[in-house]
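Here is a short briefing to read alongside the model.

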Amino acid sequence: MDGITLSGIQKRYGSVTAVTDINLDLPQGKFISFLGPSGCGKTTLLRLIAGLEVPTQGSISLEGKDITRVATHQRNVGMVFQSLALFPHLSAGENIAYGLRVRGVDRQARRRKAEELLEMVQLPGLADRDIKQLSGGQRQRVAIARALALEPKLFLLDEPLSSLDANLREELQVELRMLQERLAITTIIVTHDQREAMTMSDLVVVMSTARVQQTGPPLEIYRHPSNSFVADFIGSSNLLDAIIESDQSVRIGQNRLEVAAIPTGAKPGEEVVISIRPEDVSVLKNSEHADNVLEGTVSFIRDVGASVETFVDYAGTSIVTISAPKERPDVQQGDWVQLGLPAKACVVVWR
Ligand SMILES: Nc1ncnc2c1ncn2[C@@H]1O[C@H](COP(=O)(O)OP(=O)(O)O)[C@@H](O)[C@H]1O
Ligand SMILES: [Mg+2]
């Protein structure tokens, strides 16, 4: 294994278990995100990989070598944190070259490297600029350049974009991804923003309550969530309680639903959840056919221009459909409608 391997990792702080039962193979040269709600253990896991914490149990290896107890400065990691600690009295260029200066690299070579890195993060010519004169986004770019100055083997970022406004954040997500592709450095980013994780990553590690819930490429996780937490956290999903009836069907109240498959090992009578994405549900026109049909009342229509969401109250549960403006269903609040749910889009997950 040439990437990072975490085996049986647990980290406790007194009586608090920050992460537990973590077994991960993180491939070399890829962009990986640790995604999950606040407090689920993302930062702890990143700090363990960085060597800023020692696990209570388990081991970490990098390129096959055990690094569980190797000091941070010997791991060759570049780090960027949410509350970035740039030196306010140094210029952008001096900040970036700081690590090189500590290593005794001469002034000219430092300057050259800083300029090259500034160009790479789209801030050409700003080497002499005061940190205080830079915008939030520019400072974050300087922090990224500084972390890359020593050509680390591992690039670790903890919510690096969360203090930026939405447009700038999306712009930097794309830049960061392109930069990582070019450098092919193993990169791990911590985020609670599923869109951010989906935009940038080769591999998403979904976490909740100190554990890994699922690991996989973004679209695989989106299409095949392994449980209702993941289905709900990645994108939005309609979640309906159901009972398994057969290999290909479940029961929801009075309705029988055809589904693509049931989880391996699931048996008739077991309680599960059906996850169906809003884009897979449609409001049926008169006499239109569908694998599965559920009926209810339109409770709300949200039209934001680029898309239209129609909320339907089905036996006390809200089911939302999303459509492009061109396909806006011809219905109004209060209408009794039929919803079509294709069997292959009805994903059965554990509760
Ligand atoms: N140094 C620490 N001392 C005590 N508890 C901590 C410490 N660091 C983290 N925790 C606890 O561990 C859990 C996970 O925290 P953290 O890894 O920061 O989560 P996240 O980054 O996902 O928000 C939380 O309950 C947090 O309060
Ligand atoms: Mg955190």
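Let's begin at the ligand: in this predicted model, ligand 1 is surrounded by Y13, V16, A18, G36, S38, G39, C40, G41, K42, T43 and T44.

**The shell around ligand 1**

- Two elements, β2 (16–26) and α1 (42–50), each give at least two residues to the shell around ligand 1.
- Helix α1 provides the largest share of that shell, with three residues.
- By class, the shell around ligand 1 holds six polar residues, four nonpolar residues and one charged residue.

**Helix α2 against helix α4**

- Helix α2 spans residues 92–102 and helix α4 spans residues 136–148; their axes come within 7 Å and cross at roughly 25 degrees.
- Angles under 35 degrees count as roughly parallel, and α2 and α4 are therefore roughly parallel to each other.
- The crossing of α2 with α4 is right-handed.
- On the α2 side the contact is made by A92, N95, I96 and Y98, and on the α4 side by V142, A145 and R146.
- Five nonpolar residues, one polar residue and one charged residue make up this contact of α2 with α4.

**Helix α2 against helix α3**

- Helix α3 covers residues 107–120, and its axis and that of α2 come within 9 Å, crossing at roughly 125 degrees.
- Helices α2 and α3 are therefore oblique to each other.
- Here, too, you will find a right-handed crossing, with α2 passing α3.
- From α2, the contact draws on A92, G93, I96, A97, L100 and R101, while α3 brings R110, R111, K113, A114, L117 and L118.
- The contact of α2 with α3 comprises seven nonpolar, four charged and one polar residues.
- Residues A92 and I96 of α2 take part in the contact with α4 and also in the contact with α3.

**The domains**

- The protein is divided into domain 1, residues 4–223, and domain 2, residues 236–350.
- Taken over C-alpha atoms, the centres of domain 1 and domain 2 are separated by 39 Å.

Note on methods:
Residues numbered from 1 in each chain as written. Chains lettered and ligands numbered in written order. Predicted model: local features only at pLDDT ≥ 70, side-chain atom pairs only at ≥ 80, totals over all residues. Domains from an automatic or database assignment. Near = placed C-beta within 6 Å. Helix = DSSP H or I, 4+ residues; strand = E, 2+ residues; numbered from the N terminus. Nonpolar A, V, L, I, M, F, W, Y, C, P; charged D, E, K, R; others polar. Axes fitted to C-alpha atoms, helices over the stretch in contact; angles between N-to-C directions. Parallel < 35°, antiparallel > 145°, perpendicular 65-115°, else oblique. Left-handed = near helix turned anticlockwise from the far one by under 90°. Contact = placed C-beta atoms within 7 Å.
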